Amino acid sequence: MNPLTQIKNTQKVTKAEIELGLTDKASWHDRYKHSAYVFAGGLPFELTEGDLLAVFAQYGEVVDVHLVRDKKTGKSRGFAFLAYEDQRSTVLSVDNLSGARVAGRVIRVEHVDNYKRKRAEVSVLDAPAEASWD
């Protein structure tokens with residue numbers, strides 16, 4: 001499905017839920033209650049991790065940002081995975097940022113069902129910092 005069509009469909013469903021006054025348990029978001037990760041696509045290539053934090057922190061505390069980069073050039077590939085401290089923030093960011101215009105581009109934000117970093121990425125993040133200044 002075209003990403004813009006998907007954004008419009010998500011916005012329609014969310015608007016209908018609000019108009020019907022559905023509770024959290026009845027919402028389509030409830031399917032993703034176990035995951036605090038969101039996917040952000042259609043990002044401008046010049047955005048950095050700091051820029052993503054500035055945009056996504058509007059809806060909660062971001063605890064992980066993985067801006068996917070080309071392995072050879074190191075340039076952004078235009079999408080990222082972000083985790084919030086609180087899963088409720090994912091609902092807010094999906095509802096409010098999907099279809100938003102960021103630096104001239106319409107982005108899409110979706111829930112992520114099962115996100116796992118690659119082993120190499122996790123080991124780099126978990127490695128102890130060098131304490132010696134010799």
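Two strands are taken to pair if DSSP finds at least two bridges between them, and strands themselves are DSSP runs of E of at least two residues, helices being runs of H or I of at least four residues, both numbered from the N terminus. In these terms Val38 stands opposite His111 in strand 6. The structure is a predicted model, in which local features need pLDDT of at least 70 and side-chain atom pairs count only at pLDDT 80 or more, whereas totals for chains, interfaces and linings use all residues. Residues are numbered from 1 along each chain as its sequence is written, and side-chain values use heavy atoms, with hydrogens and water left out.

The protein chain contains four helices and six strands, which follow one another along the sequence in the pattern α-β-α-β-β-α-β-β-β-α. Of its 134 residues, 37% are buried, a term that denotes under 20% relative accessible area, with exposed meaning over 50% and partly exposed in between (1.4 Å probe, protein chains only). The chain exposes about 8900 Å², of which carbon and sulfur atoms supply 54%; accessible areas come from the Shrake-Rupley method with a 1.4 Å probe, and for residues only the protein chains shown count as cover. Contact is defined by heavy atoms within 4.5 Å. Among contacts between residues at least 6 apart in sequence, 62% join residues at least 24 apart.

Four strands form an open sheet in the order 2-3-1-6, with antiparallel pairing. Strand 2 (62–69) and strand 6 (108–111) are the edge strands, each pairing on one side only. From one strand to the next, the twist averages 20 degrees; axes are lines fitted to C-alpha atoms, for helices over the stretch in contact, and angles run from 0 to 180 degrees between N-to-C directions. Strands of a sheet pair through backbone hydrogen bonds, either parallel or antiparallel. Strand 1 (residues 37–41) pairs with strand 6 in the antiparallel sense over four bridges. Helix 2 (residues 49–56) packs on the sheet, where it touches strand 1, strand 2, strand 3 and strand 6, and its direction makes about 135 degrees with that of strand 2. Helix 3 (residues 88–97) also packs on the sheet, touching strand 1, strand 3 and strand 6, with its direction at about 150 degrees to that of strand 6.

Strand 1 also pairs with strand 3, in the antiparallel sense and over five bridges. Gly41 stands opposite Phe79 in strand 3, while Phe39 stands opposite Glu110 in strand 6. Strand 1 is mostly covered, five of its five residues being buried. In a regular strand the side chains alternate between the two faces of the sheet. Apart from residues up to four places away in sequence, Phe39 touches Phe79, Ala80, Phe81, Arg108, Val109, Glu110 and Val112. The C-alpha atoms of Phe39 and His66, which are 27 residues apart along the chain, are separated by 9.7 Å.

Within helix 2, the residues Leu52, Val55 and Phe56 are buried. Seen down the helix axis, the buried residues of helix 2 fall within an arc of 85 degrees, so they line one face of the helix; the arc is that of the directions from the helix axis to the C-beta atoms. These buried residues pack against strand 1, strand 2, strand 3, helix 3, strand 4 (101–102) and strand 6. Leu52 has a relative accessible area of 1% and touches Leu43, Leu47, Val65, Leu67, Ala80 and Leu82, not counting residues up to four places away in sequence. Between the C-alpha atoms of Leu52 and Leu67, 15 residues apart along the chain, the separation is 8.5 Å.

Two serines were also examined. Ser93, found in helix 3, counts as buried at 0% relative accessibility. Excluding residues up to four places away in sequence, Ser93 touches Val38, Phe56, Tyr59, Tyr84, Ser98 and Val109. Ser76 belongs to strand 3 (residues 76–84) and is buried at 8% relative accessibility. A polar atom of the Ser76 side chain lies 3.0 Å from the backbone nitrogen of Gly78. Beyond its neighbours within four places in sequence, Ser76 is in contact with Phe45, Leu67, Val68 and Arg69.

Definitions and conventions: A polar contact is a pair of N or O atoms within 3.5 Å; within protein, one must be able to donate a hydrogen and the other to accept it, and residues adjacent in sequence count only if both atoms are side-chain atoms.
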